[in-house]
Amino acid sequence: MALLALGLGAVFLGPSLPVLWRGKLAGYDAERMVLVYATLPRLAMAVLCGAALGASGALLQQALRNPLASPTTLGIDAGARLALVIVTLFFPALFGWGRDVVALAGSGLAAALVFALSRRQDYSPVSLILSGLLVSLYCGALAASLTLVESRYLASLFVWGAGSLSQQSWDPATDLALRLAIVAPFALLIVRPLAVLDLGEAAARGLGLDVSTLRLAAVGLAVLLAAFVTSAVGSIGFIGLVAPILVRLAGARSFASRFAGATAVGALLLLVTDLVVQLLAGAAADFLPTGAVTALLGSPILLWLLPRVTARMRRVEAMASPRARRSIAGSVYVAPLVLAASLLALVLVALFVGRTPSGGWEILSSTAMADILPFRWPRVLAMATAGLLLGTAGFLLQRLSGNEMASPEILGVSAGATFAMAIALFAGLAQTALGATVAATIGAGLVLTLILLLARRSGFQPERMLLAGIALAALLDAVIGVLSAAGDPRAFQLLSWMTGAAQTVAPASAIASFALAGLGLVTGLGFMRWLAVLPLGPAAALGLGVPLATARALLLVLAAVTTAVATPLAGPLTFVGLIAPHLVRFLGVRPAGSGLVLSALAGAAILVVADWLARSIAFPFQLPTGLVASLVGAPILLWLLQRRNA
């Protein structure tokens, strides 16, 4: 990697370096100014940021004994970005204390929330990552909502959030270097104690090590490093996940060597990426976010490393608490009826209760129904349909994979659908709803198939599927970010799709989607026996006469189609496919048929509520339904996590 960086650096800087030792030209020397105050500071910033992120990821993975831990997967980056957005809008005077303080406060609060959510699960690796992804989604959705509503003030912050290394002086790089120099001695001091954790927690405590305090110190230092980078250049978090894995698989055994190697590899990864960006983009390099391009290069590396990552994560326990199972056991027919009645009530509220032009609340009168309902009912029907589809897809994926963290969002299926829609849009093939749906179906199916192929050799272990989903979602989101950064007007239409702008749904499209949702649910009920047997494992399923290959293929196709139909309606950011099955499990409903119906109804209820809030809480502005759905749904799942095993 060092040789590659030197070669790219020689190609990139070779023609410009002679200006450093030539005499000063009379007048304004533009070439020298660009080299000294833009190009060289940018390369220095790449080295500093990559090193800090690599070190942060190494500290987190060692302290938490979790190969998926990184500033991105634990919500640290998202917390810093949300804090910067809130302070920019409402408390700009706080920037007098420094932008680093604001970013650090946001990162610290996000990390504290992640650990609080996973405390009752004894900080198990899967629980930590699930909590981190939830916090990241929640913070990202809130930041995106504020950015869209107040775009006049936050447009530059929206671009900066993608991770831009562009510099105009040496001051930012110097400031970051000083901050990292202060943190570095403390990080070096805990390298040796952290190495003792390789012996196991019991052995470490037997040697007199205070494991809890050591972990707190390591996580605190990792949060500091990540917050400094986010404050300086935006979100470039993928380095913190890939660099430590590369070093471990390259043969580093002691933690000291892994820490030093992750720091060096992180610096080289980001430097190589930025050199490639500047060489290929030329004059447009300043407008191309390096953070997004980093994911383009890092995601394939992580996918290649995936089969070689050592499985060190415990399997997820059942989400439903024993008390919940006892209280509702035997109510498998009552619960769907109650939830269906609740959904009907929510639909009636969404249709007939709204805001007046003056900002007040009203119930539609009989005279106003003819004017208002034609605009409301397609949107409400579309959101209920999307919820039905995502709830169905989430239940199918969790049953199919035996992984209770599986969902269209976490496994990257929604990102695959969105990516295919983006490609079709820019190629001129998605001008109609049918074209967008076909493209989304192909993208969702390809991503889901690839994830399962990558995880097949490990027996569909949860950590392998989760890691593959993270890598693919990061890759696809990065491609979308690069397309959006190009300035093409079609990027605004793509943004509208991604955030779930349901107000543009035509009545015919809403009805057709609802019919497909009903067909998908009925088809899923036809596979009820397979869904009941598959969680027992491949051997048991084969012994009970299930055609395993055929069952998996058909269920995969059904999950991909339902996700693809829902993505153009609600966007890829709702998390409904994860939340709805967990709600069903929390209610104690175990049979496959009842669980599938309840999951679909719960998903519809979440999105109907989210859509009603989206068009009401910021009146006369209408917020994107997909983003609001994540704001509504994430607290529900956070509450379920707290109740788990309580």
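Modeller: Let us begin with burial: a residue is buried when its relative accessible area is under 20%, exposed when it is over 50%, and partly exposed in between, using a 1.4 Å probe and the protein chains only. Please keep in mind that this is a predicted model, in which local features need a pLDDT of at least 70 and side-chain atom pairs count only at pLDDT 80 or more, whereas totals for chains, interfaces and linings use all residues. Residues are numbered from 1 along each chain as its sequence is written, and side-chain values use heavy atoms, with hydrogens and water left out.

Biologist: Why is Ile-451 called buried?

Modeller: Ile-451 has a relative accessible area of 0%, and because the cut-off is under 20%, Ile-451 counts as buried. Ile-451 belongs to helix α19 (residues 433–456), where a helix is a DSSP run of H or I with at least four residues, a strand is a run of E with at least two, and both are numbered from the N terminus. Val-413 is 38 residues away along the chain, and its C-alpha atom is 9.1 Å from that of Ile-451.

Biologist: What makes Leu-544 partly exposed?

Modeller: The relative accessibility of Leu-544 is 44%, which lies between the limits of 20% and 50%, so Leu-544 is partly exposed. Leu-544 sits in the loop between α24 (538–543) and α25 (548–570). If residues up to four places away in sequence are not counted, Leu-544 touches Arg-529, Val-533 and Leu-536, a contact being heavy atoms within 4.5 Å.

Biologist: Which residues of helix α12 (residues 239–249) make us say that it is mostly covered?

Modeller: In α12, 9 of the 11 residues are buried, and among them are Ile-239, Leu-241 and Pro-244. Just after α12, Gly-251 takes a positive phi of about 120 degrees. For the protein of 646 residues, 55% count as buried.

Biologist: How do you know that the span of helix α5 (residues 99–117) is close to the expected one?

Modeller: The expected span is 1.5 Å times one less than the number of residues, and for the 19 residues of α5 this gives 27 Å, while the helix reaches 27 Å from its first C-alpha to its last. The buried residues of α5 include Asp-100, Gly-106 and Phe-115. Phe-115 and Ser-131 are 16 residues apart in sequence and 7.9 Å apart in space, C-alpha to C-alpha. Ser-131, which lies in helix α6 (residues 125–149), is buried with a relative accessible area of 0%.

Biologist: How many aromatic pairs does the structure hold, and why is the pair of Trp-361 and Trp-612 called tilted?

Modeller: The structure holds 4 aromatic pairs. Rings of Phe, Tyr and Trp (its six-membered ring) pair if their centres lie within 6.5 Å, and planes under 30 degrees apart count as stacked, over 60 as edge-to-face and the rest as tilted. The centres of Trp-361 and Trp-612 are 5.6 Å apart and their planes stand at 35 degrees, so this pair is tilted. The pair links distant parts of the chain, with Trp-361 in strand β2 (residues 361–363) and Trp-612 in helix α27 (residues 592–614), 251 residues apart.

Biologist: What makes you say that the charged end of Arg-355 sits over the ring of Trp-361?

Modeller: The rule asks for NZ of Lys or CZ of Arg within 6 Å of the ring centre and within 35 degrees of the ring normal. The charged end of Arg-355 sits over the ring of Trp-361, 4.8 Å from its centre.
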